[in-house]
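Q: Can you walk me through this one? I have the sequence and the model open.

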Amino acid sequence: MIATGAIAQSTAVTGHAAPVQIEREHRTKIRTHVAEHNVPPVGTREKIVVGQPVGRQVELGAVPAD
């Protein structure tokens with residue numbers, strides 16, 4: 001899950017393949033889930049690319065399908 005601080009109708013996350021569009025409604029759901037479950041922020045020097053492995057220091061967690 002990646003989002004930017006840009007204010008727009010949707011957020012594009014570019015990666016190895018085509019950009020991933022995260023609509024405003026879904027970004028709100030993601031932020032709510034992260035806040036309610038006290039998900040800690042992750043800092044990494046590596047570039048995060050959709051479809052590519054992340055560093056070992058990044059702990060991944062499941063999020064609801066909706």
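**Fold and surface**

A: Read along the sequence, the pattern of the chain is β-β-α. Keep in mind that this is a predicted model.

Q: How many helices and strands are there in the chain?
A: The chain has 1 helix and 2 strands.

Q: What share of the residues counts as buried?
A: Of the chain's 66 residues, 11% count as buried.

Q: Salt bridges next. How many does a search of the whole structure find?
A: The search finds 1 salt bridge. Glu25 forms a salt bridge with Lys29, and their closest N and O atoms are 3.6 Å apart.

Q: Where do Glu25 and Lys29 lie?
A: Both are in helix H1. Glu25 and Lys29 are 4 residues apart there, about one turn of the helix.

Q: And is Glu25 buried or exposed?
A: Glu25 is exposed, because its relative accessible area is 52% and the cut-off for exposed is over 50%. Lys29 is partly exposed, with a relative accessible area of 38%.

Q: Which residues form a nonpolar patch on the surface?
A: Ile48, Val54 and Leu60 form such a patch. Together these residues have about 260 Å² of accessible area.

Q: Where is the place of Val54?
A: Val54 is in the segment after helix H1, which spans 24-36.

Q: Why does Val54 count as partly exposed?
A: Val54 has a relative accessible area of 33%, and partly exposed covers the range between under 20% for buried and over 50% for exposed.

Q: Backbone now. Which residue has a positive phi although it is not a glycine?
A: That is Asn38, with a positive phi of about 50°. Asn38 is in the segment after H1.

Q: Is Asn38 buried or exposed?
A: Asn38 counts as exposed, because its relative accessibility is 65%.

Key
Residues numbered from 1 in each chain as written. Predicted model: local features only at pLDDT ≥ 70, side-chain atom pairs only at ≥ 80, totals over all residues. Heavy atoms only, no water. Patch = residues over 30% accessible without salt bridge, like charges linked within 9 Å, V, L, I, M, F, W, Y side chains within 5 Å. Areas by Shrake-Rupley, 256 points an atom, 1.4 Å probe, with all protein chains shown as cover. Salt bridge = Lys/Arg side-chain N within 4 Å of Asp/Glu carboxyl O. Buried < 20%, exposed > 50% of the residue type's maximum accessible area, 1.4 Å probe, protein only.
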